[in-house]
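User: I would like to go through the terms used for this protein and see what each one rests on. Please answer step by step.

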Amino acid sequence: MQTNSLALHTDKYQINMIYAHWMNGTHLRKAVFEAYFRKLPFGNGYAVFAGLERIVSYINNLHFTEQDLSYLAKQEENYKPEFLELLRNFKFRGNISSMREGALVFPNEPLIRVEGNIMETQLVETAILNFMNYQTLIATKASRIKQVAEEDVLLEFGTRRAQEADAAVWGARASYISGFDATSNMLAGELFGIPTKGTHAHSWVQLFDNEQEAFEMYAKAMPDQVTLLVDTFDTLKSGVPHAIQTAKYLESIGKKMVGIRLDSGDLAYLSIQARKMLDEAGLDYVKIVASNDLDENTIFNLKAQGAKIDIWGVGTQLITAADQPALGGVYKLVEREKDGKMEPTIKISGNPEKVTTPGKKEVYRIISSGSNKAIADYINLPHEENPSGKLKLINPLHPYIQKTVKHYNAIKLLEPIFVEGELVYELPELQQIREYHKEQLQLFWPEYLRKLNPEIYRVSLSQETLDMKQRLLEAYLEPDTDLEE
């Protein structure tokens, strides 16, 4: 059953915790949560933040419908009618700050900060993570592919293998942010203004008595947009020769064929041979498109083998992020209200990487004044204000590793999106987000962006943030002397 409400796009334990807080009279206490990821997707390099537009739409329309409330009334928890009435009048009135879509981001830095009462900050956790995790993952995968095919045309072809319609549509958008040139998904084209591209299927060729007839019928129907799939029977003995004949026909009526598409076999060898055949026929303008389970690794290897491919149709491996199908972003409490005052809080774990950094925080990108390149990201507490003067960059995992910088600009990365429930951020056009992503890439040395063994980009904590974390760790880990023998 379809529903226009996303209030129940949440985990049940969120509703149960909100209910328990309400029963105890603590649901209006203030809290601050931060969303981030602990490890880079795909093992190294960087990530590309995406999902903000979907989050803004979700918050703007967040309410409980009568259908939602009726469903909640039937749950085995037997929520009290007064609680359901509270939900009926719910509206998000908190603050949200976020990175801009298209930003390059790194582990353990806040990407989104949510401030408000416990009720509203808990309710939005699941949806925010859902939108951020998926779109950031796909935008990152797309950017990695763009890095190995920087001068080539990239087409997103993943719809039929995506995990349902939302993934296909928003995945196409995330791919476009990171440099893909077009999508095959018509709905994404309609909703977001993304250019759409497509060729034809093997079934088109199979429906005719022979391949040449199929190609010519297609060319007559759309003479200005002819890209022919040439591997239905035999790529080099049948497909390419018939495509050449079709291209000659198009020339005879004053048109030019756009390209041929390879979808199976040894793409490096076939593209080299096809390019030779096309050039010898005087068709050097005809492009070669390749598809078939491509990703940055396959494209990188094909280029190393001298493949003559101009356009890459990337589907399954991109839209499902097949080599890492989840980002693993988390949403952690960093500050809570106690006795009318806000205080930092920490989560301690047996896994050191899961220990949180307490306190509401700001993130700055430190840009060298000389090279105009990023040096590190710097996290501090809001009262420390914008970094200036001599700045000590401390590796939080190895505090003895430090670097001091003097000549730099500090760019604040978290921007206010909602203030007291009101949208204060003007969502940019998709083309502006693409341009911002390109600008972000220009801020980084190639060593941080390369596919193989990239340099590790550092995220540093201010001395005060690091000291506070250490104090809280020591306070919580201090042994209880009453229990010692």
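**Terms and what they rest on**

Analyst: The protein has 17 helices and 21 strands. The model is a predicted one. Of the protein's 485 residues, 53% count as buried.

User: Why is Arg 434 said to have no salt bridge?

Analyst: A salt bridge needs a side-chain nitrogen of Lys or Arg within 4 Å of a carboxyl oxygen of Asp or Glu. For Arg 434, the nearest side chain of opposite charge is Asp 181, 4.4 Å away. That distance is not within 4 Å, so Arg 434 has no salt bridge, although Arg 434 is buried. The residue lies in helix 15, residues 430–442.

User: What makes the pair of Tyr 176 and Arg 434 a polar contact?

Analyst: The backbone oxygen of Tyr 176 lies 2.7 Å from a polar atom of the Arg 434 side chain. The cut-off for a polar contact is 3.5 Å, and 2.7 Å is within 3.5 Å, so the distance meets it.

User: How do you know that Glu 156 has no salt bridge?

Analyst: Glu 156 belongs to strand 6, residues 153–156. The nearest side chain of opposite charge is that of Arg 160, at 9.5 Å. The cut-off is 4 Å, so Glu 156, which is buried, has no salt bridge. A polar atom of the Glu 156 side chain does lie 2.5 Å from the backbone nitrogen of Gly 158.

User: What makes a space a cavity, and how many cavities of 30 Å³ or more are there?

Analyst: A space is a cavity because a 1.4 Å probe fits there but cannot get out. The structure holds two cavities of 30 Å³ or more. Helix 6, residues 125–148, gives the most to the lining of the largest cavity, with three residues. Residues lining the second largest cavity include Arg 100, Glu 101 and Tyr 425.

User: Which helix gives the most to the lining of the largest pocket?

Analyst: Helix 17 does, with six residues. By class, the lining of the largest pocket has 19 nonpolar, twelve polar and eleven charged residues.

Technical notes: Residues numbered from 1 in each chain as written. Predicted model: local features only at pLDDT ≥ 70, side-chain atom pairs only at ≥ 80, totals over all residues. Heavy atoms only, no water. Helix = DSSP H or I, 4+ residues; strand = E, 2+ residues; numbered from the N terminus. Nonpolar A, V, L, I, M, F, W, Y, C, P; charged D, E, K, R; others polar. Buried < 20%, exposed > 50% of the residue type's maximum accessible area, 1.4 Å probe, protein only. Lys, Arg positive; Asp, Glu negative; His and termini not counted. Polar contact = N/O pair within 3.5 Å; in protein donor to acceptor, adjacent residues only side chain to side chain. 1 Å grid on protein atoms, 1.4 Å probe; cavity = no way out; pocket = protein on both sides within 12 Å on 5 of 7 lines; lining within 4 Å. Points joined across faces, edges and corners; volume = space filled by probe spheres on them.
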